[in-house]
There are 2 protein chains.
Amino acid sequence: MLKSARSMPSLALCVGALLVLLQAASIVGAQADPLPSWNDTNAKAAIIAFVESTTSPSLETYVTPGDRIAVFDNDGCLWAEQPVYFQFLFAIDMARKKAAADPAWASTAALKAAAAGDIKGVLAGGESALIEVVSATHSGMTVEDFTAQAAEWIATAKHPTTGRAYSDMIYQPMLELLSYLRDNDYQTWIVSGGGVDFMRAFAEPVYGIPPQQVIGSLGKADFQMVDGKPQVMKDPGIAFIDDKGGKPVGIERNIGKRPIFVAGNSDGDLAMLQWSTAGEGPRFGMIVHHTDAAREWTYDRESHIGQLSAALDQAPAAGWLVVDMAKDWATIYPEVGK
Amino acid sequence: MLKSARSMPSLALCVGALLVLLQAASIVGAQADPLPSWNDTNAKAAIIAFVESTTSPSLETYVTPGDRIAVFDNDGCLWAEQPVYFQFLFAIDMARKKAAADPAWASTAALKAAAAGDIKGVLAGGESALIEVVSATHSGMTVEDFTAQAAEWIATAKHPTTGRAYSDMIYQPMLELLSYLRDNDYQTWIVSGGGVDFMRAFAEPVYGIPPQQVIGSLGKADFQMVDGKPQVMKDPGIAFIDDKGGKPVGIERNIGKRPIFVAGNSDGDLAMLQWSTAGEGPRFGMIVHHTDAAREWTYDRESHIGQLSAALDQAPAAGWLVVDMAKDWATIYPEVGK
């Protein structure tokens, strides 16, 4: 028997009272703007209309929560990518550290340039030099040790021109979009050309995306007993490039179904946009177009990073939303210290 | 203002009344047996003790929901695997179908044996013949077409000795364990040597495990425009073997952290058991030992399928639970038609 049951109001009355309160709270919730850093333009309206159309059980466009998969490119889509991919700046800093500890480490032209902090010198060596530097700084340790190094770098390094921490160069409007989708029972995933272990070092605290929802390029790895402890070691060499046609393959490997919401910003995202939005039922494709030289950077067809040309041409016919950063975003970066 | 607020009891009283009711309901819930097909042996007690220890916020062994990752081998752990892996029987049936439609298809000794349903003939060709048959029957189509074929086979094919559908040869005690873990905010994953697209064809309806929580071996794949439609095509050849040392690597690729609960049944699971249970904090390793010749099969050290020897030797010192099917399981398979 329940103690003090006599002094209690009836269950029906209680449930009634709570339901009224919950309903009032949910009306307030619905009226609050889920995307406050987006201007009141077509872009914001299109996103909200899509989310509402896929989450209203009475509509034919309703999508069950298990199929609400949203994927996002990272560089240039969730955070900035100029003057070069931040992961490359991390590799340069790691090279300096390794060479300082062991001058013999920088044994080739590419590694010497990296150890000297000479970004242009590394880039002059082309893709093979780039891969050499990334490979040499991203291998020879356990996955956990690497992630700890990357997390420390994210917590301390500063961007060369803005002076901000890299994790403060994420896009506030995209953070709100991620939260808005999750509040509507979407699973949010990263699908990026960046290295998966590098991104996992910050994806959860910065974007709210857990490690198992990060898809990226893969270095070689193997299982070893190290000093009697079982470890997954990061080995030299590349196992998988999660870019261009690799993105649908990466999604297939890790998710196993076509996402219904896909966001990118470059031709590296074109295949993922095409493949995802060609699926049955409601689909949403969007491209972040870097149009804001005053607050961020302006670049598209001719850029050496994040080139956007074919995807921009195909967007109108495909029905993909092209977000104009200058026009559609009220804010670019989060307020620092927030 | 709230309508009819005057006739309502105070919120505090309501919340109090509901909390008492919820508490009463949760006591009833806790008393219901979450693992009714497990006998009341040490195995069941150990599982329940671990789950309770990791989900009680007041204990030092508490694990936050985001870190409650549980991984399960599939063949011999969630469903049976005798006389040979079911996926191989699927490949044989697909070979028969392909050869019936096009007699020229069976162009090699291994494919001829497969097309004739000659399992021993294929196995006599060793691993290369096996890979040839799987590769030839698992490629040359879109991922979606392959998954549809596999789902149709699962829905119609029968096991050669039991006469059951393959999806009725799953282990009822393991189904209950999966549900019990999920009810306690564990994410349940498959980590198997089986092909990922094959397992995804039934993992969600049969085990309640969605496609993005299935890790398996990978065939080669690429993105293509097929008749103007963007597709991920399954190509001949193997891209990744998710077995032995490959299992920790597969988990690292798709999950990015060490699971805290790991279940297997063979030496193919040894590396995954070692790596997962070597992590910090509470960890649970378990091995399903096939000891029940009357209701299932008896095999371990000498078996050609699911060989269990080194992992069995290491279990006592490592503290892994060895489940004795004959002794610990009241039921093996679900009641058919349920």
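# A guided tour of the predicted model

Of the 338 residues in chain A, 45% count as buried. This is a predicted model, and every stop below is a place in it.

Stop 1: Show chain A as a cartoon. Its secondary structure comes to 14 helices and 9 strands. Colour chain A by domain. Domain 1 takes 37-81 + 153-328, and domain 2 takes 86-147. Over C-alpha atoms, the centres of domain 1 and domain 2 of chain A are 26 Å apart. Now select the contact. Domain 1 of chain A puts in 18 residues, and domain 2 of chain A puts in 13 residues.

Stay on the domain 1 side. Which elements give two or more residues to the side of domain 1 of chain A that touches domain 2 of chain A? They are strand E3 (187-195), helix H9 (196-200) and strand E5 (229-240) of chain A. E5(A) gives the most, with 8 residues. By type, the residues on this side of domain 1 of chain A divide into 9 nonpolar, 5 polar and 4 charged.

**Stop 2: helix H6 of chain A.** Select residues 126-137 of chain A. Helix H6 has 12 residues and reaches 17 Å from its first C-alpha to its last, close to the 16 Å expected at 1.5 Å a residue. Show side chains for Val133(A), Val134(A), Ala136(A) and Thr137(A), which are buried in H6(A). The buried residues of H6(A) pack against helix H3 (86-101), helix H4 (109-115) and helix H5 (119-124) of chain A.

**Stop 3: the nonpolar core.** Bring chain B into view. The largest nonpolar core has 168 residues, and those touching the most other members are Ala114(A), Ala114(B) and Trp189(B). In soluble globular proteins, nonpolar side chains tend to be buried together.

Centre on Trp189(B). Leaving out residues up to four places away in sequence, Trp189(B) touches Ile69(B), Ala70(B), Val71(B), Phe72(B), Ile209(B), Gln213(B), Ile215(B) and Ile255(B).

**Stop 4: strand E1 of chain B.** Select residues 69-72 of chain B. Ile69(B) and Val71(B) point one way from strand E1, while Ala70(B) and Phe72(B) point the other way. All four are buried. In a regular strand the side chains alternate between the two faces of the sheet.

E1(B) runs parallel to strand E3 (residues 187-195) of chain B, joined by 4 bridges. Find Ile69(B), which stands opposite Gln187(B) in E3(B). E1(B) also runs parallel to strand E6 (residues 261-264) of chain B, joined by 3 bridges. Here Phe72(B) stands opposite Ala263(B) in E6(B).

Stop 5: Start with Leu270(A), which lies in helix H12 (residues 270-277) of chain A. Is Leu270(A) buried or exposed? Leu270(A) is buried, because 25 other C-beta atoms lie within 10 Å and the cut-off is 20 or more. Not counting residues up to four places away in sequence, Leu270(A) touches Ala310(A) and Ala311(A). The C-alpha atoms of Leu270(A) and Lys247(A) are separated by 9.1 Å, and the two residues are 23 residues apart along the chain.

Switch to chain B. Helix H12 (residues 270-277) of chain B is mostly covered, with 8 of its 8 residues buried. Among them are Leu273(B), Gln274(B) and Trp275(B).

Stop 6: Most residues other than glycine have a negative phi, and most peptide bonds are trans. Look for the exceptions here.

Select Gln82(A) and Pro83(A). The peptide bond between them is cis, with omega near 0°. Pro83(A) lies in the loop between strand E1 (69-72) and H3 of chain A. In chain B, the peptide bond from Gln82(B) to Pro83(B) is cis, with omega near 5°. Pro83(B) is placed in the loop between E1 and helix H3 (86-101) of chain B.

End at Asp227(A). Its phi is near 50°, a positive value in a residue other than glycine. Asp227(A) sits in the loop between strand E4 (214-226) and E5 of chain A. Why does Asp227(A) count as exposed? Asp227(A) has 5 other C-beta atoms within 10 Å, and a residue is exposed at 12 or fewer.

Then select Asp227(B). Phi of Asp227(B) is near 50°. Asp227(B) is in the loop between strand E4 (214-226) and strand E5 (229-240) of chain B. Asp227(B) is exposed, with 5 other C-beta atoms within 10 Å.

Notes:
Residues are numbered from 1 along each chain as its sequence is written. Chains are lettered from A and ligands numbered from 1 in the order in which they are written. This is a predicted model: local features need pLDDT of at least 70, side-chain atom pairs count only at pLDDT 80 or more; totals for chains, interfaces and linings use all residues. Domain bounds come from an automatic or database domain assignment. Two residues are in contact if their C-beta atoms, placed from the backbone, lie within 7 Å. Ala, Val, Leu, Ile, Met, Phe, Trp, Tyr, Cys and Pro count as nonpolar, Asp, Glu, Lys and Arg as charged, and the others, Gly among them, as polar. A nonpolar core is a set of buried Ala, Val, Leu, Ile, Met, Phe, Trp, Tyr and Cys residues joined through C-beta atoms within 7 Å. Two strands pair if DSSP finds at least two bridges between them. The expected span of a helix is 1.5 Å times one less than its number of residues.
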